[in-house]
Amino acid sequence: MRGIKANTCKSELDSEPDRVAELLKIIGVESLNLCFFFYLSGELVLPKQHKTKDEMVIGFPKENDDKRVGMVPAVLPKLKALGVEVLIEKGAGERALFADEDYEQEAALVSREELLAQSDVLISISPVPQAEWSRLKPQAVMISRFAPYFHKEVSERIKAAGLRAFSLDMIPRTTLAQSMDVLSSFASVAGYKAVLLAANYLPRYFPMMITAAGSIKPAKVLVLGAGVAGLQAIATAKRLGAMVEASDTRLAAKEEVESLGGKFILVEGAKDDASAGGYAVEQSEDFLRRQREEVQLRASKSDVIITTAQVRGRKAPLLLPRETVEKMRPGSVIVDLAASTGGNCELTQDRKVITHQGVTIIGNSDLAADLPQDASFLFANNILNFLKLLVQEGALQIDEENEIIKGALIA
Ligand code: NAD
């Protein structure tokens with residue numbers, strides 16, 4: 001339960017009679033006037049571990065092998081305003097430089113054991129390992145990224161464990177759901193980071209330079225897949241002064257690429273299915289062959305290629321075969337953000353940096369984890385917005401008629 005801040009005006013208190021009555025009962029006075037001095041002396045705060053019997057507990061565990069954290073101190077007060085109790089695993093934020101003390105005012109810092117055993121709702125960036133599910137409360141709700149379109153059996157496993165789950169990667173890509181879209185948040189961070197990483201490896205400048213010692217041409221960047229990550233990569237590469245070209249199978253991307261100052265490479269004959277909820281659909285082998293030819297022409301002149309092309313639930317399309325890489329200049333850099341689903345480049349190795357005939361190939365689909373502070377902040381806000389849909393008067397209300405809730409509820 002929340003305390004009451006000093007200088008809270010009477011009309012605000014009148015609007016929450018139950019909360020005031022409960023606070024008065026706890027401090028053992030009968031009327032608001034009698035405890036007036038509490039308001040003058042500062043915040044009237046209840047013991048940290050205090051919890052009314054029907055208050056819902058939301059827990060944020062420490063991520064395994066990830067610097068990010070599901071809740072950040074700046075968003076915590078807004079989460080508490082939903083009337084819930086919050087538990088944070090000790091040390092959960094430290095790799096994103098959020099100290100336990102930063103959370104203490106609004107949340108209880110507990111061990112992993114306590115967190116798993118006490119949370120009604122458990123929220124994490126990556127799912128809590130299945131080996132720990134038996135330690136959760138019966139019927140506890142897990143909210144995470146379960147990728148059920150890849151792990152087809154995950155819903156059944158969660159149900160069999162007597163648990164419920166929302167998968168954040170199943171939230172529909174609609175305007176209404178934009179503020180809850182963790183895929184967009186992370187893709188945007190990854191697109192930005194991909195360009196910085198490429199610039200770091202590239203033995204050349206990105207911007208054009210005219211100096212007394214000679215002139216330097218701007219770097220050429222090719223972006224394959226102009227969704228959220230691709231558009232952010234284009235914007236970042238442009239800011240650094242590169243010349244940018246981009247390709248996508250969705251025609252809607254053309255205008256977006258051009259509005260960022262990029263040149264759109266159009267390959268005729270792509271399947272663009274409006275019913276796919278904004279996602280790309282699988283293309284014919286003939287289209288992909290023509291696209292690879294078009295890409296090869298550009299690739300040999302590019303200094304950097306950022307690939308982000310994905311088709312949900314499928315292996316990533318192959319856009320850069322070995323012979324294309326071998327036509328690139330030594331020193332060029334490829335960053336493959338589709339690495340975890342097979343990669344857009346034939347030579348990509350997931351989570352590895354390799355060099356092939358002088359071309360550096362970085363395979364990493366999780367670059368958002370390398371900007372843990374802002375990535376965690378965005379995730380925490382997405383979660384807050386999602387919980388605003390799910391939590392009414394401090395309790396979970398699952399309205400299965402709601403399109404967003406229906407889309408994300410997997411067990
Ligand atoms: P994604 O990560 O699934 O794929 C990345 C990009 O690769 C997409 O733009 C896709 O069209 C493209 N692609 C697939 N096959 C390709 C190929 N052979 N060649 C070139 N490009 C190829 O996509 P995403 O970034 O998650 O975005 C998917 C869609 O959702 C986009 O239309 C985006 O605008 C939309 N979206 C909507 C919302 C919202 O309204 N809530 C939020 C985010 C994204």
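Predicted model: local features only at pLDDT ≥ 70, side-chain atom pairs only at ≥ 80, totals over all residues.
Seven strands make an open sheet with mixed pairing, in the order 11-10-9-12-13-15-14. Strand 11 (263-265) and strand 14 (352-356) sit at the edges, each pairing on one side only. From one strand to the next, the twist averages 20 degrees. Inside this order, strand 12 (residues 304-307) and strand 13 (residues 333-336) run parallel and are joined by four bridges. Val304 has Val333 of strand 13 as its bridge partner. Helix 11 (residues 285-299) packs on the sheet. Its contacts are with strand 9 (220-224), strand 10 (243-247), strand 11 and strand 12. The direction of helix 11 makes about 160 degrees with that of strand 9.

## Pairings of strand 1

Strand 1 (57-60) has parallel partners too. Four bridges tie strand 1 to strand 2 (residues 85-89). There, Val57 is the bridge partner of Glu85. Strand 1 is also joined to strand 4 by two bridges, again in parallel. Ile58 stands opposite Val121 of strand 4. The table lists the parallel pairs described so far.

| Strand pair | Bridges | Direction |
|---|---|---|
| Strand 1 and strand 2 | Four bridges | Parallel |
| Strand 1 and strand 4 | Two bridges | Parallel |
| Strand 12 and strand 13 | Four bridges | Parallel |

## The largest nonpolar core

The largest nonpolar core holds 103 residues. Ala194, Val223, Ile234 and Ile306 have the most contacts inside it. Helix 8 gives the largest share of this core, eleven residues. Domain 2 (57-174 + 372-408) and domain 3 (180-370) both contribute residues, so the core lies between them.

What does Val223 touch, leaving aside residues up to four places away in sequence? Its contacts are Gly230, Ala233, Ile234, Val244, Ala246 and Ile306. Ile234 and Ile306 are, like Val223, among the residues with the most contacts in the core.

## Helix 13

Helix 13 covers residues 372-390. Its length can be checked. At 1.5 Å a residue, its 19 residues should span 27 Å, and the end C-alpha atoms are 26 Å apart, which agrees. The buried residues of helix 13 include Phe377, Leu378, Phe379, Ile383, Phe386 and Leu390. Pro372, Ser376 and Asn382 are also buried. What do the buried residues of helix 13 pack against? The partners are strand 4 (121-123), helix 8 (182-201), strand 16 (391-392), strand 17 (395-396) and helix 14 (403-408).

Most residues other than glycine have a negative phi. Two residues here depart from that pattern. Asp65, not a glycine, has a positive phi of about 55 degrees. Asp65 lies in the loop between strand 1 and helix 4 (76-80).

Glu393 sits in the loop between strand 16 and strand 17. With 9 other C-beta atoms within 10 Å, Glu393 is exposed.

Gln392 belongs to strand 16. Gln392 is exposed, with 12 other C-beta atoms within 10 Å.

Methods:
Residues numbered from 1 in each chain as written. Expected span 1.5 Å × (residues − 1). Buried ≥ 20, exposed ≤ 12 C-beta atoms within 10 Å, placed from the backbone. Contact = placed C-beta atoms within 7 Å. Core = buried A, V, L, I, M, F, W, Y, C linked by C-beta atoms within 7 Å. Domains from an automatic or database assignment. Pairing = 2+ DSSP bridges. Axes fitted to C-alpha atoms, helices over the stretch in contact; angles between N-to-C directions.
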